[in-house]
Structure formats: structure tokens, C-alpha cells
Amino acid sequence: MKSLAKALFIPLAFSATVMASMPASAHHQPGHSDELNTEMKKMGFNFKRSGSAKTIEDLQNYVTEFRTHAENAKKTGYADAPEAFQKGIDQLLTGLAGVQAALDQQDLDLAKQRMKKLNDIRKKYHSEFDV
Ligand code: HEM
């Protein structure tokens, strides 16, 4: 083979080999389950709308849904860091119990304030897990 053809062919053959060795869904990394992603997204949806809740009733509904999805996430687990994940979700659920206590006292502002604080736990673990 002429050297120019070689120079062109080798990198092409190399990338074709690399591509062929990649799984069909390269974004589907081990430990990143679609189930956990789905639960997190539902948590995110309810977390966001809790910020604009105008009534105890509305906030209660969002908090109840958020809790359901956080509990589902806890059951689903996270293969990359199982123990740290359980710890983080438990912290979230403990914080959420504080939100529920404020709701039980009919204190909408306090409940929203405590809900907002859960964002610190999200940030801590998302950065720890690079998500
Ligand atoms: C207010 C609390 C939280 C909210 C609203 C939230 C929301 C989200 C959202 C929306 C995603 C999906 C990102 C995307 O694919 O676009 C996500 C991913 C993730 N979150 Fe959270 N999160 C919260 C707390 C936590 C905590 C406490 C942990 C760990 C203990 C955690 C662990 C993860 C992990 C591991 C992923 C990646 C899942 C994957 O796609 O493989 N999150 N979260």
C-alpha cells in the first residue's frame, strides 16, 4: 500500500474498530439505571413546583409525590456508590420529614423554606457522584 493511502486508511480502520467495540447505547453506563433516572426526574418535577405552591393542600400533594419517588429511588439504589447513595437519600427523607412536620402545623412558609433547603443535599450528592 502506498504511504499516502496507508496514512488515510490506518486512522479510518482504527476508528471503525473503536466504534464497533462500543456498546449500542454508549450513554447507558453501568450503574446508571433508567429507573433511577426516571425517579430523579419525577423528584425534580415535584421539587420545582413545590417552590410555587400557594396552598398547604397543593404543597402537600407535591411533597407526597416527591416522597414516593425518593422512596422508589432508595429501593432502586445506585450501583456506582450504593452506601453513599443510601446515606444521601436517607438525609433527604429526614429533611422531608421536617417539611411534613411544618405542613402538619399548617405552616406553608416554613414548609416551603425547609423544602428549599433540600436543594443543599441534592447539590452535595450530585457533585459527589458527578451528576
Ligand atoms: C431535591 C433533591 C433532588 C432532586 C430534585 C434531584 C433531581 C435529579 C434529576 C432531575 C436527575 C436527572 C438528571 C438528568 O438525567 O437530566 C438526577 C440524577 C441523579 N441524582 Fe438526583 N436529585 C435530588 C437528590 C439526590 C440525592 C440526595 C442523591 C443521592 C443520594 C441523588 C442522586 C442522583 C444520581 C445518582 C443521579 C444520576 C442518575 C442516573 O441518571 O444515572 N439525587 N437527580
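**Entry 1: α2 against α3.** On the α2 side I noted Glu-35, Leu-36, Glu-39, Met-40, Lys-42, Met-43, Asn-46, Phe-47, Arg-49 and Ser-50, which meet Leu-59, Tyr-62, Glu-65, Phe-66, His-69, Ala-70, Asn-72, Ala-73 and Thr-76 in α3. By class, I counted nine nonpolar, five polar and five charged residues in this contact. Here Ala, Val, Leu, Ile, Met, Phe, Trp, Tyr, Cys and Pro count as nonpolar, Asp, Glu, Lys and Arg as charged, and the others, Gly among them, as polar. Helices are DSSP runs of H or I with at least four residues, numbered from the N terminus.

The model is predicted: local features need pLDDT of at least 70 and side-chain atom pairs count only at pLDDT 80 or more, while totals for chains, interfaces and linings use all residues. Residues are numbered from 1 along each chain as its sequence is written, and side-chain values use heavy atoms, with hydrogens and water left out.

I then took the axes, which are lines fitted to C-alpha atoms over the stretch in contact, with angles from 0 to 180 degrees between N-to-C directions. The axes of α2 and α3 come within 9 Å and cross at roughly 160°. The two helices are therefore roughly antiparallel, a term for angles over 145 degrees, whereas angles under 35 degrees count as roughly parallel. Their crossing is left-handed, that is, the near helix is turned anticlockwise from the far one by less than a right angle.

**Entry 2: α3 against α5.** I found α3 (residues 56-76) packed on α5 at an angle of about 30°, with the axes 10 Å apart. That angle makes α3 roughly parallel to α5. This crossing is left-handed as well. Ile-56, Leu-59, Val-63 and Phe-66 of α3 meet Leu-108, Ala-111, Lys-112, Met-115 and Leu-118 of α5. The class tally is eight nonpolar, no polar and one charged.

**Entry 3: α4 against α5.** The axes of α4 and α5 come within 8 Å and cross at roughly 175°, so the pair is roughly antiparallel. I recorded 13 nonpolar, four polar and three charged residues in the contact of α4 with α5.

**Entry 4: Leu-93.** I placed Leu-93 in helix α4. Apart from neighbours within four places in sequence, Leu-93 is in contact with Arg-67, Ala-70, Glu-71 and Lys-74.

**Entry 5: the largest pocket.** Which residues lie nearest its centre? I found Leu-36, Asn-37, Met-40, His-126 and Val-131 there, among 26 lining residues. A pocket is an open set of points on a 1 Å grid over the protein atoms alone where a 1.4 Å probe fits, with protein on both sides within 12 Å along at least five of seven lines; lining residues have an atom within 4 Å of a point. The volume, about 690 Å³, is the space filled by probe spheres set on the points, which are joined across faces, edges and corners. α2 (34-50), α4 (82-104) and α5 (108-128) each supply at least two lining residues, and α2 gives the most, with eight. The lining has 14 nonpolar, nine polar and three charged residues.

Conventions
Parallel < 35°, antiparallel > 145°, perpendicular 65-115°, else oblique. Contact = heavy atoms within 4.5 Å.
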